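Please read this briefing alongside the sequence and the model. The points below are grouped by topic, chain by chain.

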Amino acid sequence: MNLPMLCMQSRGLSTSSALSQVIRLTRLRVVDNSEIGKQAMAEGKPPYVFHVYNKMGVGYIGDRVMVAIKGEKKKGILVGLKQNQKKKVPKFDTNNLVLIEDNGSPIGTRIHVPIPHILRTLMKEKTHSKGADYTKLIAIASRFI
Amino acid sequence: MESTVCPVRHVPPSSYGRFRNACCATLRFQCRFSSTDSQKAAAQTAAIKSEWRRRRNVIFDNEKQRQQSEIGRIEKVAVKYLPWDKDEAPIEMRMNKHLSTPYDCTKHLTEDYTKTVCLALVDRRPWDLQKPFEQDCELELITMAHSNKSPVVNTAFWRSCSLLMGCMVEASFKDEIQVYLHSFPKPDLKSGSFTYDAVIDLPDWKPTQAELRAMSAAFVKLSNQESFMERLEVSEELALDMFQDNPFKNKQIPNIAQNHNGKIVLYRIGDFIDISQGPMVGSTGIIGKATIASVHKVESNETDRLYRFQGVALPKGTRLNHFAWSVLEKDARKFNDLASVTPVRESVTSAPTEVVSDEEKERSSAAN
Amino acid sequence: MTTLLKVLYGFNPLKSFLTPKPDFLEITCRSKHRILPKPKKRFPPWLIKSTRSTRYEDELTSENKTFLKQLVQEKYPRPESGYGSYSPLNLNIVESAVEWSPSYQRAGLIARKIGVYPMWMKDGRKVLTTLFQVADNHVIKYQPPETYKPMITKRKTSLPPSKGSLIIGADSADPQLFTKEYCGLFEESGVMPKRLLARFHVSPEAALQPGTPLLASHFKVGQYVDIRGKTINRGFQGVMKRWGFHGMPASHGVTKTHRRPGNIGSGGKKARVMPGTKMPGHMGNRYRVLKAQRIVRINTKYNVLWVLGSASPGECNSCVQIFDTVLPLKNCNYLKQTPYFPTYYPGRDEELPEELMVDDLHNFNDPTIMFTEDEE
Amino acid sequence: MNQAKILNLVAKLKHTNNIKPRKLKNYRGPEGRIAMLQKSLTALLKYERIELNFNRADETRAYAEIFMSQIAKQGSQNQKSIDMANFWILENQIIYKLFNVLVPRFSNDVSYTNLYHHPNVYPGILRPKAILELKNNSFPKVSSSIKNQSSVENILLKESHKRHFIDVITQ
Amino acid sequence: MAMSVRVRLGSQFRNIMRVCFHENRHMSTAEIVVEKSENPKEPERISLEEQQRLNDIAKNERMEKLLNMRFAYQEFLPDPNPKNRNTLKERLERRDMLARRSNVEIPEFYVGSLVAVMHSDPHAPGKNNRFMGICIQKIGAGLRASFILRNFIDGEGVEINFDMYDPTIQRIDVIRLEKRLDEELFYLRDAPPEYSTFPVDMEPEYQPEGSAVPVNEIKVPLKPLPWLVKWERMGMKGIRDVTSMLTEKRLRMSKLKQFNKPWEKYDLLKMYSETIPIEDQVEIFSEIQEKLHELEQHRYKMKRSRNFVKPTKMG
């Protein structure tokens with residue numbers, strides 16, 4: 001068990017999170033095979049969010065977030081969330097992130113966890129002819145649910 | 001409603017003056033059936049009407065005083081009051097013979113009793129609240145709520161309503177219209193209405209709805225005065241003297257007297273006096289909701305101007321919804337022909353036998 | 001003195017009379033009468049008191065009660081099959097047989113909100129629908145524009161009145177429950193006294209003969225309606241619940257002001273609280289109108305309307321008024337739909353099936369929804 | 001989401017539809033509330049007619065109704081009934097009385113209690129009072145539901161009924 | 001009824017077997033003993049009282065049978081809150097539910113069963129999607145009824161919430177019919193992955209018809225702290241002893257009265273307000289029973305006419 005968890009437990013703070021929302025300072029799990037992501041996860045220093053690219057400041061599935069990872073700024077897409085979802089949309093045990101570059105193409109070449117089917121539609125909606133192309137993310141997914 | 005058309009006037013019975021010297025021996029019975037409509041005659045009739053009434057009252061007062069002065073030495077009687085609740089102990093009271101009445105006994109109990117008691121049972125016989133005790137006796141007091149234990153109270157209530165309606169009829173008509181109270185049939189709750197027959201000097205009178213409402217209001221107003229029903233037994237001659245002006249009562253009195261050892265029972269409400277065998281409820285305050293439902297013309301051998309007034313009433317404090325009341329009103333509007341018109345009716349049967357029959361009926365109906 | 005009184009009281013042979021006679025009442029209903037704070041009085045002061053006191057019931061025997069019930073049934077017989085048939089006789093005085101025109105305003109209905117449940121659209125979307133039962137509606141009274149004088153409001157108009165009023169009643173009940181004056185209101189139409197009354201402004205062309213029954217098929221599916229009802233009574237509430245304020249932090253030195261509004265006015269020249277400031281107070285129990293709700297389904301047998309959305313005012317089993325929407329972009333004219341005018345008559349208008357649904361709503365009797373691949 | 005529990009089965013309450021539990025304010029909180037009800041329920045089964053504040057009486061009534069119907073449904077031999085009786089009834093003799101006297105007295109399809117408003121005695125604490133009793137007890141009746149057959153309005157309506165009947169037949 | 005996965009006997013035994021199947025099944029879980037009427041050998045000689053007694057027994061049996069439907073058809077029971085209840089709405093809702101059931105077979109399954117759901121999905125490439133997992137919750141009254149399936153796929157825990165009466169659901173297959181010790185299995189989220197990992201292409205397991213629903217009495221160990229919920233306070237039966245994992249303070253806290261609420265065990269009014277009374281349940285189930293029976297028979301006929309392949313018996 002890591003140190004912050006031990007500290008929390010000793011102080012009797014509740015570690016349960018009611019809504020499991022992705023907000024600033026939320027730690028995420030990188031699920032692609034990018035080098036930086038693999039290293040960060042292996043070191044036990046998962047990236048944390050410091051900006052969510054929407055009006056609410058809460059990240060939902062398919063949303064773009066800016067994360068701090070190994071001292072670098074990186075953008076990423078939320079591909080799976082812990083919080084309760086709508087009917088027929090899968091809910092995951094971890095908050096999953098795929099790192100992308102500025103043009104929308106993923107840094108890694110493979111995603112090793114399942115991602116929801118609804119992400120196909122969401123990614124297509126977010127892709128514009130002149131802007132970033134997010135459909136490549138769908139292409140590298142190994143399995144859909 | 002135009003006042004010129006309406007023969008009814010709304011005058012509450014004024015309290016009668018206690019003149020002792022105003023015995024108008026000159027007044028004679030005058031049949032006014034073929035009278036002209038001249039103003040003079042009308043004024044004369046009005047004067048005569050009120051004079052007759054005052055005369056009756058004076059005679060009543062004198063007779064009452066005479067009877068009381070005849071008592072002489074006051075003796076005591078033991079009255080044992082039996083409450084309806086068997087758990088409560090009987091109460092024995094020492095009352096004055098020929099003076100104290102059941103009403104006086106209620107004053108010794110609670111104020112509620114003075115207001116709600118309608119009738120007394122003295123030695124199990126119905127007894128007016130204003131009738132003095134004659135010997136040692138057992139007393140029971142009946143309110144309207146005790147009608148299941150002693151149905152006689154319903155009959156007394158219905159009879160009192162009839163009497164009060166007579167009072168209302170006599171007082172309500174305009175002075176120039178001659179009104180003779182005839183009689184009222186034996187009270188029968190099952191007929192749906194209480195009645196009073198009166199001879200009115202109008203050829204074909206059909207009251208409008210407004211007139212009926214006005215009469216109902218007058219009736220309720222009378223009952224709200226909560227006047228006592230004074231009772232007095234008089235001789236046949238005195239009764240004839242009192243009702244000289246009324247040819248129909250004059251005919252009835254000898255018949256009644258014949259059946260009751262020459263005695264006539266009079267009741268007085270305010271200044272209205274009428275003949276009835278009784279018993280009556282203690283005061284008119286017992287009567288609550290009431291409606292004069294209809295007036296029908298009745299075929300009779302004696303006269304062609306006999307009208308039957310019909311009404312329906314409930315004891316005070318009865319809760320009845322408007323729909324049920326409208327059903328009762330509608331029923332009371334139908335012509336009540338259960339009793340045929342005969343000169344002597346109500347007073348022929350004596351009260352106790354009637355009670356027995358009523359009780360039997362109740363029992364049989366309950367058994368059914 | 002007290003001892004004397006005690007002695008007197010003890011020796012009083014009539015003691016049993018003095019003890020109060022208990023007036024027992026059997027309790028049949030568990031809930032006690034809920035006292036709601038009254039809404040603003042909008043009705044005129046001469047409005048008739050409707051209900052009788054039922055604390056004490058009439059001292060009638062059961063046979064007599066059944067007899068009265070029988071008389072009530074005889075006086076107000078149940079309508080024959082067809083639930084109010086269209087009369088071929090030209091006896092209608094109030095109604096005028098004109099074609100519908102967009103400028104006409106029709107009557108509304110009184111309905112009971114009976115619950116909320118989900119349904120699915122044809123594209124697989126889940127929607128919540130609110131069910132309204134149109135219970136036993138009849139026209140009670142019509143007042144033409146000439147005689148109709150609504151309560152004077154602050155806004156005065158100089159235009160002559162163009163709308164009459166139609167009083168609709170719902171939920172028939174035993175006349176013995178009401179006062180005599182209240183029952184008198186129903187004599188003109190000859191219907192049984194109703195528990196609920198509502199007034200609708202209508203064009204004179206849309207007037208209805210008193211006694212006409214109104215059904216759920218007064219509306220068509222796909223039509224938009226406004227729903228007026230009394231919101232749920234929540235009592236005295238703070239600003240966080242009543243107005244959605246955020247309150248103040250739970251810690252960081254905040255004391256006793258976690259749920260308080262904070263500043264309610266400024267200093268300086270206008271050193272006072274401005275009118276209309278959002279403050280704590282009574283929440284709910286007010287009439288509110290929810291506008292432009294779409295009717296997606298109608299059951300003509302049970303007279304039930306399914307309306308899209310779950311936000312209609314009032315709690316379950318409360319009553320609302322439903323009428324054609326006033327919004328210009330959602331009304332029948334805009335939808336190019338002809339409503340039944342002045343109302344749906346079973347004999348005159350076409351016969352309707354038991355269930356009516358809009359086209360994009362999934363019927364549960366239909367097979368499973370399958371999507372097809374689009375060529376893109 | 002409100003979901004009906006299915007493990008237990010209870011018979012419908014005969015006397016009311018409204019089953020919102022009362023708080024019965026108490027310094028011991030919900031535990032104290034149950035303790036209050038235990039006392040009242042024991043007293044009700046012991047004395048068969050008790051006088052309480054209205055709120056408490058009404059609450060006790062609901063508990064007593066469900067308690068009796070559950071015992072009647074499960075039977076006296078059932079372990080569940082015995083546990084429940086041990087919990088609710090504070091005196092051992094009353095448990096004996098319950099299984100041997102009260103349960104045979106009632107059939108399953110009736111309500112078991114009556115509740116009456118009780119008038120306040122002046123001077124005193126003017127809090128709504130009530131009388132709670134088990135049905136079929138040996139005390140005299142609190143109030144009779146039998147109406148006066150021969151009151152004026154009842155006689156008049158009865159006769160009206162007869163006439164109406166004749167009218168209908170003749171028509 | 002998960003009729004698709006059960007061995008069928010000849011049609012002449014079908015009705016008899018159904019009765020046994022129902023009764024035996026529920027006897028195991030509901031602790032309800034069904035009294036069986038003995039068939040009288042000499043029907044002419046039985047007295048009136050005896051006849052009455054037999055009638056009563058038969059009536060009770062019918063009642064029991066109806067009431068036992070509450071386990072399999074829980075969602076037909078309405079919301080017990082009296083404020084939200086309305087008879088007409090409930091009736092209309094039940095009618096819609098039965099209409100949906102006539103188009104798709106919604107089999108009987110419980111929390112703890114393995115279920116696979118095939119549903120139309122506009123986002124998926126073939127417009128169809130299938131998910132299989134263990135049912136960890138079944139909740140909701142009427143058309144709101146829903147259930148949650150949980151599985152571990154590619155090392156990632158996934159849960160999907162389905163509406164039971166969603167018209168996009170094409171079929172619901174019960175892979176393994178069983179019950180667990182608890183009514184909700186949310187503790188699987190804090191359990192090691194192997195306890196909620198099931199192969200997606202698992203073959204349906206067949207049980208002999210008439211057998212009771214087995215109760216899987218497995219006790220799940222939990223991962224070390226932190227957990228999503230303070231499970232030590234929840235009184236779950238399906239969790240292995242966790243006292244060794246807890247700190248002293250937390251252990252002490254979990255034994256406090258305010259968390260265990262011993263007074264609620266016999267709180268009768270609470271129990272009443274959470275349940276639908278027997279009378280209402282009988283009314284509801286007697287209404288739907290006939291329709292369900294018809295549907296079952298119709299479905300059986302259809303299946304026989306389509307293909308008659310004898311399935312192999314497993315485990």
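How many helices and how many strands are there in chain C? Chain C has six helices and 14 strands, where helices (H or I, at least four residues) and strands (E, at least two) are DSSP runs numbered from the N terminus. The model is a predicted one, in which local features need pLDDT of at least 70, side-chain atom pairs count only at pLDDT 80 or more, and totals for chains, interfaces and linings use all residues. Residues are numbered from 1 along each chain as its sequence is written, while chains are lettered from A and ligands numbered from 1 in the order in which they are written.

**Confidence**

- For the complex, the predictor gives an ipTM of 0.79 and a pTM of 0.80.
- Chain D has a mean pLDDT of 89, with 98% of its residues at 70 or more; pLDDT is the predictor's confidence in each residue, from 0 to 100.
- Where pLDDT is low, the predicted coordinates should not be read in detail.

**Chain C**

- Of the 376 residues in chain C, 25% are buried; a residue is buried if 20 or more other C-beta atoms lie within 10 Å of its own, exposed if 12 or fewer, and partly exposed in between, with C-beta atoms placed from the backbone.
- Among the contacts in chain C with a separation of 6 or more, 77% are between residues 24 or more positions apart, a contact being two residues whose C-beta atoms, placed from the backbone, lie within 7 Å.

**Chain D: fold and overall form**

- Chain D contains five helices and three strands, and its elements follow the order α-β-α-α-α-β-β-α from the N terminus on.
- The radius of gyration of chain D is 21 Å, well over the 16 Å that the globule rule gives for 171 residues, so chain D is more spread out than a compact globule; the radius is taken over C-alpha atoms, and the rule is 2.2 Å times the number of residues to the power 0.38.
- The C-alpha trace of chain D spans about 70 × 45 × 45 Å along its principal axes.
- In chain D, 29% of the 171 residues count as buried, and 58% of the contacts with a separation of 6 or more are between residues 24 or more positions apart.

**Where chain D touches chain E**

- The contact takes 25 residues from chain D and 29 residues from chain E.
- On the side of chain D, the elements that give two or more residues are α1 (29–47), α2 (54–74) and α3 (79–88), and the largest share, four residues, comes from α2(D).
- The residues on this side of chain D divide into 17 nonpolar, five polar and three charged, where Ala, Val, Leu, Ile, Met, Phe, Trp, Tyr, Cys and Pro count as nonpolar, Asp, Glu, Lys and Arg as charged, and the others, Gly among them, as polar.

**Chain B: the sheet of four strands**

- This open sheet has the order β6-β7-β12-β11 (chain B) with antiparallel pairing, and two strands are said to pair if DSSP finds at least two bridges between them.
- The edge strands, each pairing on one side only, are β6 (179–183) and β11 (287–298) of chain B.
- Within chain B, strand β7 (residues 194–200) and strand β12 (residues 306–315) run antiparallel and are joined by six bridges; Tyr196(B) has Phe309(B) in β12(B) as its bridge partner.
- Helix α8 (residues 322–333) of chain B packs on the sheet, touching β11 and β12 of chain B, and its direction makes about 25° with that of β11(B); axes are lines fitted to C-alpha atoms, for helices over the stretch in contact, and angles run from 0 to 180 degrees between N-to-C directions.

**Chain B: the sheet of three strands**

- Three strands form an open sheet in the order β8-β9-β10 (chain B), and the pairing is antiparallel.
- Because β8 (230–235) and β10 (272–275) of chain B stand at the edges with a single partner strand each, one side of each is left without a neighbour in the sheet.
- Strand β9 (residues 263–269) of chain B is joined to β10(B) by four bridges, with Arg268(B) opposite Ile273(B) in β10(B).
- Helix α7 (residues 247–259) of chain B packs on this sheet, touching β9 and β10 of chain B, and its direction makes about 130° with that of β9(B).

**Chain E: paired strands**

- Strand β1 (residues 114–120) of chain E pairs with strand β2 (residues 128–139) of chain E in the antiparallel sense over seven bridges, and Val117(E) has Phe131(E) in β2(E) as its bridge partner.
- Five bridges join β2(E) to strand β3 (residues 146–153) of chain E, also antiparallel, and Ile134(E) stands opposite Arg150(E) in β3(E).
- The hairpin of β2(E) and β3(E) has six residues between the strands, and Gly140(E) takes a positive phi near 100° there.
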